[in-house]
Amino acid sequence: MWDAIVITPFINALLFIYNLVGNFGVAIILFTIVIRLITYPLNASQIKSSSAMAEMQKDKRWIEAQEKYKNDKDKLAQEQMKLYKELGYNPFSSCLPTLIQFPIIIGLYQSIIRAMATTPMDMLNLTRHVYSGFLNVETLIPLNSQFLWMNMGEPERLNLGFISFGIPVLAILVLVTSYMQSKLMQPPASDKPGDQTAMMSNMMTIYMPFLMGYLALTLASGLALYFLISNVLSIVQYAIMGKLNWSNLLPKKKEQDKQLPKPDRSKAKK
Amino acid sequence: MKESRRRYLLLVGMIIIASLVLSGCAGGGVSMNSWPGVSVHNDTIYVSNQILYALRTTDGTLKWQYPEKASAKNLIYSSALALDDQVLVGDYGGVLRNINPNTGTQAWTFEESETRYIASPVKAGELLLAPSTDGNLYALNANGAVQWTFLAPQAIWVSPVSDGTNVYLASMDKKLYAIQLKDGEKIWEMDMGAVAMVAPVLSEDGSLVYISTLANKILAVNTASGSKAWEYDTTDTVWSQPFLYEGKLYFGDNAGFVTSLDAIKGTKIWSADMGSPVISGGAVLSSGLVFATEGGDVISISPDGSKQWTRTVEGQIYSNLVVNNDQVLIALTKGSGLIICFDANGNQVWTFTPGK
């Protein structure tokens, strides 16, 4: 069922693009862009809802309710719902696009893996996924999986003559763009000390890039390329919508620094 | 503070689940799979399924396994080349291993391949030929020293065949090559029009080489010139290794048909519907031919194409059937065991299931 509805159409779309461009790496990039363009409205809706939620959490009444009913979860939930209604915010509006997108993202990911077909079993399954009237197996296979210095079916390493080991360029790029993505999309940190949401967000910013970097290091480079393009496109979409927080990339001054008076350097020089 | 800790644990849990889902979906680690490879020599059966199992032909009990545990980097799926004094098997880490058949210990390794071995090595004359997905056909002597290499433009997924003078090799560049066995020099190349997913087969007199392609064709090629002698259009793609028996070529196809062709003329003699795709190569028993369907039916067919008996096993069958002492060995994928042995009348002799 999942294969028939999601995976097979995705594989055929990916192979159709491959058939046009003749390179699997380029096909992955274009396919990811196409899927991102199709899901752009869903992403946009999610971004707007997240922003609205972040704004609402700054509302005086929200903060007061959190403080007042911190020991009464039911009452707190009631107050939050009341506030949602008053401010015209639908709490499901941010998770619905995510839920709709989830099968698309998984489908995109799985179709790339299956199209790479690195074992006889994978190859047999791939040939069975191809719509025979739409694409021609005999001309498609084998896929040209070479892209720049990478074989899309193998983990990527750039071997330079003067270094004895291969440099995992894609893994580094995935790590960096994942970090940038998390940082740039993070809402401005609240001034409230011990804000758990901010703490969670900070932890995600640290752990997720390393997880993605590790996956890019160990999995086939076709997937690492997909991670990289996805990260870049997410950043671009946030930028188009004017939601990037560039200030998050800059090192923050400590709270104490803000409060302490600056030393008079002119006197010290004397 | 409790709330904070709970959220922290939730976050860590989410990250762990995400990493498992992503790496699981990707087929990384041991989840990468294919179908088992089977070969037999003297009193030992060799089954490659992540690791290499050596079993006794008499009762299917385990003699040894190599290595003790599967390594995600060095999974073994291709059939082993089993000889009197050595067993040669390639892995997905690009390592070709020479294993002592008596003890199951490694004698030497050959690690020049840049990528994995999907096809099995073969012996031709005094040479061991190892086809690699890095595009090289490595010709080694008995000690693992390279004698020559032949580089095809693309990966090699199927084993070559040799008549003792020349080697016939199909590459993923859709070409069939004839190479001199003595030095690896190319004699001719022939455009097959599509890739071949099974090894070529030599005719009994060595004048023709047969090969099936993903263009739904069986080709017969003159070994002397590389010209096409005839071609036959199959019902569907052929993943089943064709074999010769009494002047006829037999193979199964993805549509579920087993076909018999006149090996000289390429004309159809009969075709029989097995009811499910036939991916594995068939074999010959004293009672007749035997084929297996992907769905798990083991079917005996008389040489005229009529069904004799059917046995159903729990699992899928993709691996070529192997015959030893008039018994057929059937390797299972996602089955209740790894390998089942039937006699010529379809009685189960033994089954082997690896220990956990």
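Guide: We can start with chain A and then turn to chain B.

Guide: This is a predicted model, where local features need pLDDT of at least 70, side-chain atom pairs count only at pLDDT 80 or more, and totals for chains, interfaces and linings use all residues. Residues are numbered from 1 along each chain as its sequence is written, chains are lettered from A and ligands numbered from 1 in the order in which they are written, and side-chain values use heavy atoms, with hydrogens and water left out.

Visitor: How many helices and strands does chain A have?

Guide: Chain A has 13 helices and two strands. Helices (H or I, at least four residues) and strands (E, at least two) are DSSP runs, numbered from the N terminus.

Visitor: And how much of chain A is buried?

Guide: Of its 270 residues, 42% count as buried. Buried means under 20% relative accessible area, exposed over 50%, and partly exposed in between, with a 1.4 Å probe and protein chains only.

Visitor: Take helix α1 of chain A. What should its 20 residues span?

Guide: At 1.5 Å a residue they should span 28 Å, and the end C-alpha atoms are 28 Å apart, which agrees. The expected span is 1.5 Å times one less than the number of residues.

Visitor: Where is the kink in α1(A)?

Guide: The kink lies at A:T8, shortly before the proline A:P9, and is about 25 degrees. The bend at a residue is the angle between axes fitted to the seven residues ending there and the seven starting there.

Visitor: Which residues of α1(A) are buried?

Guide: Among them are A:I7, A:T8, A:I11 and A:N12. These four also turn up among the contacts of A:H129, a residue of helix α7.

Visitor: What else does A:H129 touch, leaving aside neighbours within four places in sequence?

Guide: A:D3 and A:R114 are also in contact with A:H129; contact means heavy atoms within 4.5 Å. A:H129 is itself buried, with a relative accessible area of 10%.

Visitor: Switching to the surface. Which residues form the nonpolar patch on chain A?

Guide: A:F16, A:L20, A:V21, A:L30, A:I33, A:L37, A:Y131 and A:F134 form it, with about 730 Å² of accessible area together. Areas come from the Shrake-Rupley method with a 1.4 Å probe, and for residues only the protein chains shown count as cover. Patches are made of residues with over 30% relative accessible area and no salt bridge, with like charges joined within 9 Å and nonpolar side chains (Val, Leu, Ile, Met, Phe, Trp, Tyr) within 5 Å. A salt bridge is a side-chain nitrogen of Lys or Arg within 4 Å of a carboxyl oxygen of Asp or Glu.

Visitor: Which helices supply at least two residues each?

Guide: α1 and α2 (24–38) of chain A do. A:F134 sits in the loop between α7 (120–129) and α8 (137–140), and counts as partly exposed at 45% relative accessibility.

Visitor: Where is the cis peptide bond in chain A?

Guide: A cis bond joins A:I141 and A:P142, with omega about 10 degrees. In chain B, the bond from B:Y66 to B:P67 is cis, with omega near -10 degrees.

Visitor: Staying in chain B, is B:L96 buried or exposed?

Guide: B:L96 is buried, with a relative accessible area of 0%. The residue lies in strand β7 (residues 96–99), and its contacts include B:W108, B:F110 and B:Y117.

Visitor: What is the phi of B:K174?

Guide: Phi is positive, about 75 degrees, although B:K174 is not a glycine. B:K174 lies in the loop between β14 (166–170) and β15 (175–180) of chain B.
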